[in-house]
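The sequence and structure come next, followed by the description.

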Amino acid sequence: MPPFPAATTASATSHLALLVLLSSSSLFFLYKSIRLRRKPSPATGPARTTTPTLLYASATGTSKALAARLSSRLTADAGVPIGATDAASFDPDDLPSVPLLLLVLPTHDGGAPPPSAAFLARWLEESAADFRAGALLLSGLRFAVFGVGSRAYGETFNAAARSFSRWLRALGAVEVVPLVEGNVDGGDLEAVFEDWSGKVLRVVNGEELNNEGALGESDGLDLLELEEESDDDDEEEAEVGEIDMEDLAGKAPARRQSGKVEGGLANGGQNGVKEMVTPIIRTSLEKQGYKILGSHSGVKICRWTKSQLRGRGGCYKHSFYGIESHRCMEATPSLACANKCVFCWRHHTNPVGKSWKWKMDDPLDIVNGAIDQHTKMVKQMKGVPGVKPERLEEGLSPRHCALSLVGEPIMYPEINALVDELHRRHISTFLVTNAQFPEKIKTLKPITQLYVSVDAATKESLKAVDRPLFSDFWERFLDSLKSLHEKDQRTVYRLTLVKGWNAEEIDAYAKLLSLGQPDFIEIKGVTYCGSSATSKLTMENVPWHSDVKEFSEVLASKSGGVYEVACEHAHSCCVLLAKVDKFKINGKWHTWIDYDRFHELVTSGKPFKSQDYMAVTPLWAVYGAEEGGFDPDQSRFKKERRHGTAALKG
């Protein structure tokens, strides 16, 4: 066979190079581009519509609620029947037939879009970065984006909304209403959304906005013309009883009066400093039984307080440390937190923040208010069946304060003054910190018992479980454990086991023991509080008490004899490990606290250590006792469950 002519060889080589260039992904993109640029025939093309497309992506329900409100407003005020569609069910190939795209979306983990918008985001990002797409791919599309985020997340605040706007503009789409970045922590999210919605409504009604979002001269542009432009040009593709904090944004529109927003505190607080608790957050927390103190504190009566008022047993702190549950007050001087843990009992109805940025109440006022509200709640137990008069009388004088109600109490700038005030009244202090403020731990004055929540043992699982705001959360976590080691008073690692999340990390947990060298390790199974938009935990994630016991025994063995299992409270699915050299004396555990001695030591002003105020643990609380941590002086009460019987009788 004669050789190919040079020209033919060159042609073949170029064709071969072209085939190499067209990888599977390139072939797919080429097909997609050809499909998009082919005008639909009247018989087979997409149906013409005069309505915009409203998409939302929601991690907690906020964006969905806001989109639903916009849908209702457009339907009522513009006569445009429009529904809100989850971005997960939207095909980007349909963008050429959309005259106006409206997007309401939050920012997910690390500045990424929520999962339901991940496909659309990936398509837009890849198209915007591909030189073959060009800046005219979406030149017939008009759009408007509203972002829902928390400014506490710093530079990733509304990053997803900004990215969507940037990608769409890079592909030639026209932003007819400027991007608005809503802040769920600002107290004015609803007012901002209402303003943005009003601009969208004016665009839908045929008006056009200038670059600053103000009304400009109408050029007669309406939805039909937008649609016709899209068809005439080349086709293009384009988060109850307990409410999550971000869900609160969509419940009711804010009202305006004299230029101010009612129902929000955009300008709230004194001297321009906003209050932490907005009216919406206050309402939600109060529905859950919280008593809000001032502008950032809270108190709530615990079910174990009610239980011991009836002589029906106390909580695990009663079994482990001798706390009198009926005289214990659960409070916090800061409802804000730097995490959004998946097992949060409050489903994130509290604010979030990385530093103190709110109006600050006086510590004396907080303590007085907490005691006042707590005693009022105790008084309400008078006359309740089973409540013992002598216990009720004792309960009116709280002797313990668990600073662990909700949020991050150590964030409060005057935490030391507040602790001093509690100690002055001979009220013991148990404080829980979420291991994100190591410097605050270092400067904290002596308290009765200091906890650090150790919710996971690896960087990846801690990020998944706690969902922290800080980008350097792992370094802060480790530094918090090291700061705990510097304390001379009683210290505790608190482990909350969540099956499928962190319960399998026992070796990693063992490695963390040397950092903080805590006096005690509390290991508790997660409490199931119902699924919500912010937490997908189910009963399958809740360990049995036997699981917690097994985990505790293995962890104790991995400590090399430094810790042993000391106590348990089967009702709370909780086990306590204690340092052997400190708290096991002549074969007897001394995990209980001599509270009178503690207050003497505090009053003296002299340095003291955890061994200076320990007391003997009663045998019924010791691990392995037949009582399982239930105080025999109490009366065990089991609630009758007649669901099955009732159903049969019905």
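## Cysteines

The structure holds zero disulfides, a disulfide being a pair of cysteine sulfur atoms within 2.5 Å. A disulfide is a covalent bond between the sulfur atoms of two cysteines. For Cys328, the closest cysteine sulfur is that of Cys315, at 6.5 Å, which is too far for a bond. Cys401 is in no disulfide either, and its nearest cysteine sulfur, that of Cys328, is 7.2 Å away. Cys328 counts as buried at 12% relative accessibility, and Cys401 counts as buried at 3%. Here buried means under 20% relative accessible area, exposed means over 50%, and partly exposed lies in between (1.4 Å probe, protein chains only).

The model is predicted: local features need pLDDT of at least 70, side-chain atom pairs count only at pLDDT 80 or more, and totals for chains, interfaces and linings use all residues. Residues are numbered from 1 along each chain as its sequence is written, and side-chain values use heavy atoms, with hydrogens and water left out.

## The chain as a whole

The chain has 21 helices and 21 strands. These are DSSP runs numbered from the N terminus, with helices (H or I) of at least four residues and strands (E) of at least two. Of the 650 residues in the chain, 53% are buried. The accessible surface comes to about 29,300 Å², and carbon and sulfur atoms account for 52% of that surface. Accessible areas come from the Shrake-Rupley method with a 1.4 Å probe, and for residues only the protein chains shown count as cover.

## Core and loop

The largest nonpolar core has 78 residues. Such a core is a set of buried Ala, Val, Leu, Ile, Met, Phe, Trp, Tyr and Cys residues joined through side-chain atoms within 4.5 Å. Val454, Leu495, Ile521, Ile523, Leu555 and Leu577 have the most contacts inside this core. Beyond its neighbours within four places in sequence, Leu555 is in contact (heavy atoms within 4.5 Å) with residues including Leu495, Ile506, Tyr509 and Leu577.

Val406 lies in the loop between strand 11 (400–403) and helix 13 (415–424). Val406 is buried, with a relative accessible area of 4%. Its C-alpha atom is separated by 7.8 Å from that of Ala336, 70 residues apart along the chain.

## Aromatic rings

A search of the whole structure finds 19 aromatic pairs. Rings of Phe, Tyr and Trp (its six-membered ring) pair if their centres lie within 6.5 Å; planes under 30 degrees apart count as stacked, over 60 as edge-to-face and the rest as tilted. Two of the pairs are set out below.

| Pair | Centre to centre | Angle between planes | Type |
|---|---|---|---|
| Phe146 and Trp196 | 5.4 Å | 50° | tilted |
| Phe598 and Phe608 | 6.0 Å | 75° | edge-to-face |

Phe146 in strand 4 (residues 142–149) and Trp196 in helix 6 (residues 189–204) are 50 residues apart, and their pair links distant parts of the chain. Both Phe146 and Trp196 are buried. Phe598 lies in helix 20 (residues 595–604) and Phe608 in the loop between helix 20 and strand 21 (614–615), so this pair ties together parts that are 10 residues apart in sequence. Phe598 is buried, with a relative accessible area of 0%, and Phe608 counts as buried at 5% relative accessibility.

One aromatic cluster is formed by Tyr316, Phe320, Tyr321, Phe430, Tyr451, Phe520 and Phe583. The charged end of Lys317 sits over the ring of Tyr316, 5.0 Å from its centre. A charge sits over a ring if NZ of Lys or CZ of Arg is within 6 Å of the ring centre and within 35 degrees of the ring normal.
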